[in-house]
Amino acid sequence: MPMARNAPLLFAAALTASAALTAVTAACSGAEGHGALRSTAAASEDAIDTVNLPPSLTQQKLDWSRCEAPDPHQGNIESSPSPLPDPDGGADGDGGETVWECATLTAPLDYADPEGRTIGIAIIRAKAAGDPGDRIGSLLFNFGGPGSSGVATLPAFGQDYTALHERYDLVSFDPRGVGDSEGVVCLDDRQLDDYFAADPVPENATQLDALNERIQRFADSCEERAGELLPHLTTANTARDLDLMREVLGDDKLRYFGVSYGTQLGGVYAHLFPERLDRAVFDAVVDPTLSPEQSARAQASGFQLALGNYVEGCSEEDDVGGCPLGDTTAQATERLNRLLEQLSESPMPTRDPDGRRLTESLAWSGIAQALYSQDFWPYLSQGLDDALPEEDEDPDGTILLALSDAMNGRNPDGTYTTLQSSLTAISCADSSQRYDADDARRALRTFREVSPVFGPPMAWGLLNCAHWPVTGAGPHPEVGAEGAPPILLIGTTGDPATPYEGTRRMKQALGPGVGVELTYDGEGHGAYTGGSSCVREAADAYLLDGKVPEDGKTCDD
C-alpha cells in the first residue's frame, strides 16, 4: 500500500502503541530503573573529535557492490533498492539503469576508544548522473526516526531527487543501532505484535502495573540482546559517524539533507564540526530546545491540528473520500474517542492473515500515521468508514491496522524493522530525563487539553525510558553552531510531527547568522517531497548553486 513507502520517514512514532513511543520528543522517561547495571551514554563530549582516529579507519577503502534488496530489519519496501530514472533519459551502467551500490563503513563503537571494538555502518549510494566535471561531491541523507533505514528509504524516494542527482552522489546510511548497522532488536516479531497492540492508557492501578511491566520487559530484553551497544547510540556518535563517512568518501566538507530527526542530527553535526560543513538542508525541523515532556505535548497538539485540517479538507474536497467523522473537529474528536473506547473494550475484526484484531492502541497509531501526509487522507477516510459502518454492516479494521503497521515498522510478511526498537534506544541514550507514573498523571491534564485524542497516550508515553539500562547523555543534544555556513531550515505550517514553531527555535539555537528560514504554508511532514515546486526550487538552487534564499521566504503552492 502507498503508506508503506512513507513509513521510514517517521520522525517519531508518535503513537506507537503499548508504551506509546513518542519519538525524539518522548524519548525518555521515569523512574530510576529496576536494579540492572546502568551505564552512562558514552562519547557525547564535544571534545571527542574524529581527527584522532587511526588511519585504519580514516583511510579505509569501501568495498562497493550492487545492492541487494533490503532485509526485514531495514524495511520491506518494494521499490527499494530500485533504479533511479536517468535525468537525461540516457544509459547509465548496464540496461540504462542508475545503479545503487552498497558498502559497509567501519566505525569505532566508542569514539573515546578508537582502537577498540568497531561496528559496521551500512551505506548506499548512486553516483552522480551528470557530467563528471560538474560533480559537486556526495550529498548525505538522513530521513529521520530516529530509527529509519536510509539504505531502504533513499532508493524509494530517489526520483524526488533527480535534479540533485545530476551533480551529487546521493548517499544514505543506516545509523548505528538501525537496520544493518548493528540494528537493535529487543523483542521477536510475535512479542512486538503483542507489545504494540497492548493498551497504552492505564485507567486503574492494575493497568498501570501492566504498562510498567511491559516497559520493563522491553528494556530488560534490549539490555540482554544489545547491552554493550546501547550506551553508544547517541546522536553525537552518529554525527561522528557522518564525519568519518565524509572523509572516507573523499569529501572535504559535508553536504547534507536531513528530514525530521535528521534535522537534529544535522544540528549536532554543525555543533561538533561547524568548519567541516558546506551546505545543509533541514526539512521538517525538530525543536532542539524542549524537554521530552514539552516535545511530546507539542507533538500531541500538532496531531490534533492535523486532525482538524483533515476534517476541514474532507468537507471541502470530494476526492478525500467523505467525512466519516463529521464536519467539525469537535464532532471528529467525540466520534474518535467513542470508537477508541469501544476498541479498548472489544478489539475489532480485520482481514489480517495472522488473525490480528484492531485494538485501541493500533487504531491510535494508524490514525496518526495517516495524518503525516495529506496523500494519506483518503486511506484514513476509507479506514474510518470501514470501522464506523452503517448499522446493517459489520465493522472492519483492516485499513487502520495496515496504517498502524506502517507506523510501527511491521512488514507485510509479519516481520518488523528495527524502527521502534532503534527509536527507543537512540532517544533514551540522548536524553537523561526520566519520568515516572506521577509525572505522567501530572502531565495528563495539559496533554488532554491540547489533544483529547492524542494527548493521553503521549502523556503515558513519557514512561518509555523509565527502566532503560543506560543513563542518557544530557537534557538534549547541543546544536549551537557558531562559525557554520548558512543552513536552510524548511518548516511546514501544518506539520503534525515536528510542529512549525520548532523551525524558529532551531534557528535561534543554531546561533546568529546560521539558520535561514523557509516556510511552506501547507500540510504534511516534510515539504521538499510534498509537492511544493517553490520549496524544491529554493532548496535545489541552494544545494546546487549555493544560492541562499531570502530569510523568511514563504511558499504556498
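**Close-up views of a predicted model**

**View 1. Helices α12 and α14 cross.** Helix α12 (residues 360-370) packs against α14 at an angle of about 75 degrees, and their axes are 7 Å apart. Axes are lines fitted to C-alpha atoms, for helices over the stretch in contact; angles run from 0 to 180 degrees between N-to-C directions. Angles under 35 degrees count as roughly parallel, over 145 as roughly antiparallel, 65 to 115 as roughly perpendicular and the rest as oblique. α12 and α14 are therefore roughly perpendicular to each other. Among the α12 residues that meet α14 are Leu362, Ile367 and Ala370. Contact means heavy atoms within 4.5 Å. By class, this contact of α12 with α14 has 9 nonpolar, 5 polar and no charged residues. Ala, Val, Leu, Ile, Met, Phe, Trp, Tyr, Cys and Pro count as nonpolar, Asp, Glu, Lys and Arg as charged, and the others, Gly among them, as polar.

The model is predicted: local features need pLDDT of at least 70, side-chain atom pairs count only at pLDDT 80 or more, and totals for chains, interfaces and linings use all residues. Residues are numbered from 1 along each chain as its sequence is written, and side-chain values use heavy atoms, leaving out hydrogens and water.

**View 2. Helix α13 meets α14.** Helices α13 (residues 377-387) and α14 (residues 398-408) pack at about 135 degrees, with axes 7 Å apart. They are therefore oblique to each other. Ile399, Leu400 and Leu403 in α14 meet α13 residues including Tyr379, Leu384 and Asp386. The contact of α13 with α14 has 7 nonpolar, 2 polar and 1 charged residues.

**View 3. An open sheet of 10 strands.** The strand order is β2-β3-β4-β6-β5-β7-β8-β10-β11-β12, with mixed pairing. β2 (65-66) and β12 (553-555) stand at the edges with a single partner strand each, so one side of each has no neighbour in the sheet. Helices (H or I, at least four residues) and strands (E, at least two) are DSSP runs, numbered from the N terminus. Two strands pair if DSSP finds at least two bridges between them. Strands β5 (residues 137-142) and β6 (residues 168-173) run parallel, joined by 5 bridges. Phe141 stands opposite Ser172 in β6.

**View 4. The largest nonpolar core.** Among its 118 residues, Leu230, Tyr310, Leu371, Phe454, Trp460, Trp468 and Ile487 touch the most other members. Helix α10 (residues 292-316) gives the most, with 8 residues. Such a core is a set of buried Ala, Val, Leu, Ile, Met, Phe, Trp, Tyr and Cys residues joined through side-chain atoms within 4.5 Å. Buried means under 20% relative accessible area, exposed over 50%, partly exposed in between (1.4 Å probe, protein chains only).
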